[in-house]
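Visitor: I would like to learn how to read aromatic pairs in a model. Please take me through one.

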Amino acid sequence: MLGSEAYAVRRAGGRPAAFGWTLAVLAIAAAAYDVLGARQVALFAVGLSIGAVLLHTEFGFTGSLRRFIVDRDFEALRAPLALLALTTLTLAPALAAGEAFGQALGPASAPLAVQVAAGAFIFGIGMQLGGGCGSGTLFSLGGGNGRMLIVIAFFCLGSFLASLHMGWWAALPAMAPVVLGDRLGWPLAAGGQAVLIGVLWWWLGRARTDGGPRFFAQAPRPNSRRVWLAVLALPLLNLATLVLAGHPWTITWAYALWGAKTAIALGWDPSSAPFWQGAFQSAALHDGILSDVTSLMNIGLVLGATGAALAAGRWSVRIDLRPGALIAAVAGGLLMGYGARIGFGCTIGALLSGIASTSLHGWLWFAAALPGTWIGARLRPRFGL
């Protein structure tokens, strides 16, 4: 049991589970190779590695932002800031080159738009109710958290619904994307941003954390050494994604695609929606899931987390059946899905990869997500979270 109000089914890892995991990984890798070859298999391997790192380190933006906003725990934001700075410096040389091994490389950029701010605000609420961001839901699912199946299912639904409304959101005030690396040159833009983040990181280390009562006093804090392992490993894995896929690491496009493919299976006609008439979107709808880079990496992320949990003897299936937790999972998934689609990403695609690409929309997303985080965190106790 997970407390008096939660129900869990626990299963030890063991050889049968490890053997099944190995077969699943090999089958997907073989299928990916048949679809697009070695590059797709390499991206799958990067996804596996990301999942293993996230599960082992328990690194995530959701808890860090909650502690920073609600508890005024300044220390909680230092690891995410360090990740932003190191990823900026890691991606900058490749983005400056513009290509690698014949693959064109581009930043994660989006307009400075009302829809970005609105999407980030909505996402901030949703990730606190759902209990994870885009990547957090995936590695938690890989570790056996059954509640995340509900979150992800409604994440897909929310993303699909938002895709049908993109025309309305796009008509709101917006400015063209601003990528500082393109405007100022990559050495100045990346170096200046890293210095700015470093100053903020230093200030947060010296700032006095409020000594008042803790809103989340009993929430476990991730092991600090493991968190810093994630800070060092994730920039390199993001760079690998950029070189192999042509763009930095993203998560949530796959949820919109999965939602749309489910809708097609239920009889929906994609030609009725302008968003899905675009060349990229239309091709993704007609191709298989393994042809989509983000989908393949997301699947790898889940399996990588499962493998890491099995290796550590920590894998178990856990299902929280409390009504409040289930309602929060539905609401959180819907809000995250809708917010991520209209906001051009989540804490990974918009915040991490956007800021690391020196795109100003990433900073707008970050700022708008903070009040959403505060509201979502304050709502959690109402659902028994």
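Guide: We start with the ground rules, then turn to the rings.

Guide: This is a predicted model: local features need pLDDT of at least 70, side-chain atom pairs count only at pLDDT 80 or more, and totals for chains, interfaces and linings use all residues. Residues are numbered from 1 along each chain as its sequence is written, and side-chain values use heavy atoms, with hydrogens and water left out.

Visitor: What describes a pair of aromatic rings?

Guide: The distance of the centres and the angle of the planes. Rings of Phe, Tyr and Trp (its six-membered ring) pair if their centres lie within 6.5 Å; planes under 30 degrees apart are stacked, over 60 edge-to-face, the rest tilted. The whole structure holds 14 aromatic pairs. Phe68 and Phe74 make a tilted one, at 6.0 Å centre to centre and 55 degrees between the planes.

Visitor: Is Phe68 buried or exposed?

Guide: Buried means under 20% relative accessible area, exposed over 50%, partly exposed in between (1.4 Å probe, protein chains only). Phe68 is buried at 18%, and Phe74 is buried at 16%.

Visitor: Why is the pair of Trp169 and Tyr338 called edge-to-face?

Guide: Because their planes stand at 70 degrees, with the ring centres 6.4 Å apart. Trp169 sits in helix 8 (residues 166-170) and Tyr338 in helix 15 (residues 323-342), 169 residues apart. Helices here are DSSP runs (H or I, at least four residues), numbered from the N terminus. Both Trp169 and Tyr338 are buried.

Visitor: Which residues form one aromatic cluster?

Guide: Phe123, Phe155, Tyr255, Trp258 and Trp365.

Note on methods
Helix = DSSP H or I, 4+ residues; strand = E, 2+ residues; numbered from the N terminus.
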